[in-house]
Amino acid sequence: MIHTILATDLHVPDGVRRLVKHHLRFKDEPLLMAIVFKPRRAKSDIVLFEVIENFGAGAVDADQELFEVSLGTNSGVELDPGQRLRLVLTNPDEFRQAVRDGWSGIQDLTKAIDRGDFKVLHCPRNQAGLRELINA
Amino acid sequence: MLDPPAHLWLSQAHSDFCAAKRVYQADDDSTYCQAIAKYQQVVEKSVKALAAGLQDAKIAQVSRSHYYKHDVERLAQAIRHSLAPKNVNEIHSKVAELFNEHYREEIRILSSFAPHRPPPGAPHQRNTEYPFQNANGDWTAPAIPKSFNSQEVTRFKDLAVRIWQRCNKIISALPRLNQT
């Protein structure tokens with residue numbers, strides 16, 4: 001089940017919701033939080049930001065770079081016309097450090113939250129700490 | 001500038017595999033670290049080939065900077081997450097099988113043998129390239145006898161063969177997927 005705990009006007013394509021639902025089935029890589037947001041500069045993009053237990057063996061990237069994958073036209077994810085989906089993946093420790101140290105890759109997310117241009121698609125109650133972190 | 005296509009990554013991985021077989025001599029401990037280092041390269045380049053194949057097939061594109069990193073487990077996880085169930089269902093199941101929990105752990109262990117700078121105050125971990133500290137804190141080197149054993153060579157050779165072969169098959173299947 002996908003928990004939408006913070007609602008904004010942002011339209012989330014069904015394909016993105018289905019992808020999150022699919023990731024929730026990965027029991028060996030539990031999805032802790034999924035947020036969708038629109039970056040300010042690339043307006044046709046939509047970013048799915050996921051915090052995953054054990055991603056990268058729980059390590060923090062030495063180059064302070066978040067792992068990003070862009071999904072192409074044959075990805076099978078249904079998007080709005082002209083839209084591009086970027087998938088950003090991290091683990092809880094890396095996420096906390098990225099927020100604390102203001103990594104460049106996290107700034108798009110924090111700015112989108114400031115604007116209210118985001119939607120939380122998944123964040124169970126026991127992950128309230130992560131949710132508070134992005135709202136801080 | 002375009003990125004290198006998948007088949008070139010696979011070709012280089014195959015060359016590394018042949019080099020590992022040539023360098024390994026069962027009766028010479030000093031060759032074990034060299035063979036394992038090459039098998040690590042086989043796995044790393046095979047996974048990067050798969051990432052390149054997904055890009056060639058317009059399914060998913062990993063940021064270029066990640067090709068120059070050695071975090072293979074993270075790349076494998078990202079590939080798994082980038083595949084949506086619809087349209088790429090068969091590819092997805094094959095990738096999920098390739099990168100299941102057991103094999104991701106094996107990849108993580110093999111990748112840990114590439115030299116990494118330890119955190120301040122921590123000992124230098126066993127690796128296939130640089131001098132390191134053993135369990136007693138004494139310095140040794142990868143080519144010194146008993147740093148690695150023949151069972152480890154066999155274990156990571158099997159892993160390299162599996163990852164290379166499976167990545168090769170999935171990459172071959174990707175263009176066919178587009179024509180259906």
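Two strands are said to pair if DSSP finds at least two bridges between them. The model to which this term is applied here is a predicted one.

The account may begin with chain A by itself. Its secondary structure consists of four helices and five strands. Read from the N terminus, these elements follow one another in the order α-β-β-β-β-α-α-β-α. Chain A has 136 residues, of which 36% count as buried. Among the contacts in chain A with a separation of 6 or more, 70% are made by residues 24 or more positions apart.

The next topic is the meeting of the two chains. Here 22 residues of chain A are in contact with 24 residues of chain B. On the side of chain A that touches chain B, at least two residues each are supplied by helix 1 (14-23), strand 3 (67-71) and strand 4 (84-90) of chain A. Strand 3 of chain A provides the largest share of that side, namely five residues.

Three bridges connect strand 3 of chain A with strand 1 (residues 60-62) of chain B, and the two strands run antiparallel. Which residue in strand 1 of chain B is the bridge partner of A:Leu71? That partner is B:Ala60.

Terms used. Residues numbered from 1 in each chain as written. Chains lettered and ligands numbered in written order. Predicted model: local features only at pLDDT ≥ 70, side-chain atom pairs only at ≥ 80, totals over all residues. Buried ≥ 20, exposed ≤ 12 C-beta atoms within 10 Å, placed from the backbone. Contact = placed C-beta atoms within 7 Å.
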